[in-house]
Amino acid sequence: MAFASAPEAQGQAWKDVVSSRQVTGEEELRVDLGYGAGELTLRRGSPGALYRVAFRYDEDAIAPVVEYERGLLRVALSRSADRRRATMEFGDRASERSLELELAPNLPLDLELSFGAGRAEVDLTGLAVRSLELNTGASESVLRIDEANPERMESASFNVGVADFRIRGVGNLNAEEVVVKAGLGSVTLDLDGEWPADARLKLEMGLGALRIRVPESLGVELRNRDTFLASVKIDGLARRGDGWRSPNWESARRKVEIDISAALGSIELVRVP
Amino acid sequence: MRLPNPTAALAASVAAFFLPPTSTARGQQETIVSNDVEISSRTASLHLEFSSGEHLEIAFSDGVAVANGYSVGNYEPGGAADRAWRDLLAAAMPLGNGPLARVLERWQPDGTLSGSEGELLGEVDRVLERAVATANVAGAPSRGPAWNQNRLGGEEERARTLLHFMSRHGQVRATLEGVDFESLELVLGEDRAIPPDASVASSIFAADGTIEVQGRIRGHAIVVDGVIVLEEGGRVDGDVRLVDATLERRGGSLQGRVVDVLREIDGERTARAPHPRDDVVSEATQHRWDGRRPSGVISRVGRAAGGVLEAGVSFMILAFLTLLAMRLAGDRVDAVAQAVEHNPARSAAVGLAGSFLALPLYLLGAVVLAVTIVGIPVLLAWVPLFPVVAAAAAAVGYLATSHHVGRWVANQDIPWLDRVDRHNPTHLKLVGIGALTAPFAVAAVVRAVPVAGWIGGIVQALGTLACVAAVIIGLGAVIITRGGRYPASDYDFAETLDSERWSSAVDEDES
């Protein structure tokens, strides 16, 4: 991030804003993030820090919102007061906007993340996520979690619009249920991770492509419903009734049930070492 | 941190009066709870919040440096002081609490800077030092109470130098306006009593203390973080200017004004500041305007009449087009109507697909024609004619569907529809068009009724849905029959004839 006075181009004034807060007795943190367009990064912060938000944006077009009160952090971008100019410039150079959000490690987190167009990299490694809802529009997004989430989640929910979306380490989410609803675009789920407990995946696809990568050690049972017009390609699973089941289903340490509902599009499941 | 010279130290001591007493109030166990840094081409600011609830905000903006609302100096944007401040903020950006405090504590402005910008950075340095020195942030160097440090010196000459400096900047000027610094009496951190028979020859500046006036002050009385008591018989020839201070009047006389400097500054700042969240206010105002549309009976009736008139005009236009179409190509329109009657589901499916495919087909056709040299002349016709043909197909489809709507309506037991010739396809289409446009007129009327506006909205939505369905089904029938040239053949001949025509023919034969 460039901190010095940024050169202004095409009349746009770029602004860097960093806001951070220390943990002062908080026992949990709820995060409500709304980010329209640009580049988003979310990751673990430093010990002792409750959050750190770093915006880079064109101040003539938009205005940031960072509000914290009683365990609730709201981070958003809204159009600036000059609506006419904001409308003209909101979409300009959106890719140069960025938002970095760092959150407290080892503090139970309830995350509601919504972002529209742009690129997003959400790294939940080292965070204690108690609930997760992620909504993304036309973005290229990656969510990764390289270590098992210490908090058991009841449900992790992902609503994907027209996006290229990938989750790496679904097994580390430590969620009883993972729900993915996708409209158009491409969704890739890497079911690697520690899988502290058995889980369910509910996948609802519209017209997009869904690719599921399943480690061979994981027991998987897949049921497809309402996939009459969808192209389904299942690799390494045996047909069983109206679904499929992995050969190691009975012996696998962890089992994952996958329910798929798809209108059109393609579904592909592959087993990986 | 650079050691302050005596003059600067005294400057800091007086500046401390103008800033919230962060260090003294915070005590020994403090942390920087939150920090905000903003950097743009125009502004570079730092905001700290301490666990005691105290705040420190230093902003360099448009050539003026301000600390907690008070001007501490001017700078040249892009100049050495501006760059030094931005460098400090850049270093502070990734940090919090202890590490941040260490960076702020150890910051040393460029010692080679001289003049007003050097003084400015020195002042900022001292304000920062005072703010973070006694904060018990992890690893921050421990220093004695800043307040005591700030009580270095005390010589009047230095204070005057300080006040001269401060008076050049921003809001402080208002506090010290009209004050003769050469003769100004300074009272710092102690009480001062002016007996009945005594007088102060000029203005008096008191901080962190009480002034008891029984005698006379011939100039202004400026009190910072203290109290001035005007006793019976006491007199102040000038103003009493209060900065976080109070005036107790027990009589006496005051020739000038009582000025609450902080309040005046806040008032000016509020007046200058842009209204917060103008976009939100604007939207709210817009919504309020929408909600406050004229609500009188006359205006409601007017709106209802306007809606009915609009629906009526639409009906007239469609009726004219119906007559024109029936005159020019009645057979084809009827063939399409037959297809609607006998294959409604297929017509709907084809119409839906046609609606979705129309635009891609249009674009694809244009591209194909464009890339082939031979097709370019056709492209010239394709571009304008395709939309016209599509619109005509949709209109004919609408007419065809309205034919059946009209027949259904005519078969209902509606008294004033007995004049309609049920065997006349044109009549039936007109009735159908009337039925399809009627919901919009009804909606306009219902919406004018208090409380029932939402029902009008539903009626209008249903009317819109009906029209869209009519167009889609009719469009499908147009496609199936190739514009009415090829009547659908998968039904019985007797059914292919319009039943009204058939009945009419039978009636004529019988007569």
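Predicted model: local features only at pLDDT ≥ 70, side-chain atom pairs only at ≥ 80, totals over all residues.
Residues are numbered from 1 along each chain as its sequence is written, and chains are lettered from A in the order in which they are written. Local features need pLDDT of at least 70, side-chain atom pairs count only at pLDDT 80 or more, totals for chains use all residues, and side-chain values use heavy atoms, with hydrogens and water left out.

**Exercise 1.** Work out what chain A is built from and how much of chain A is buried.

Start with the elements: chain A has one helix and 19 strands (DSSP runs, H or I of at least four residues for helices, E of at least two for strands, numbered from the N terminus). Next, burial: 53% of its 273 residues count as buried (under 20% relative accessible area with a 1.4 Å probe, protein chains only; exposed is over 50%, partly exposed in between). Last, take contacts (heavy atoms within 4.5 Å) between residues at least 6 apart in sequence: 60% of them join residues at least 24 apart.

**Exercise 2.** Find the charged side chains over rings in chain A.

The test is NZ of Lys or CZ of Arg within 6 Å of the ring centre and within 35 degrees of the ring normal. A:R239 lies over the face of A:W244, 4.2 Å from the ring centre. A:K255 has its charged end over the ring of A:W249, at 5.9 Å from the centre.

**Exercise 3.** Trace the surroundings of B:E185.

First place B:E185: strand β6 of chain B, residues 185–188. Then list its contacts, leaving aside neighbours within four places in sequence: B:R192, B:V200, B:S202, B:S203, B:I204 and B:F205. With B:R192, the side chain of B:E185 makes a polar contact of 2.5 Å (N or O atoms within 3.5 Å; within protein, one able to donate a hydrogen and the other to accept it, and residues adjacent in sequence count only if both atoms are side-chain atoms).

**Exercise 4.** Classify two aromatic pairs in chain B.

Rings of Phe, Tyr and Trp (its six-membered ring) pair if their centres lie within 6.5 Å; planes under 30 degrees apart are stacked, over 60 edge-to-face, the rest tilted. Over all chains, that gives eight pairs. B:W85 and B:W107 sit 6.4 Å apart, centre to centre, with 70 degrees between the planes: edge-to-face. Both B:W85 and B:W107 are buried. For B:Y362 and B:F386, the centres are 5.1 Å apart and the planes at 20 degrees, so this pair is stacked. B:Y362 is in helix α12 and B:F386 in helix α13, so the pair ties together parts 24 residues apart in sequence.
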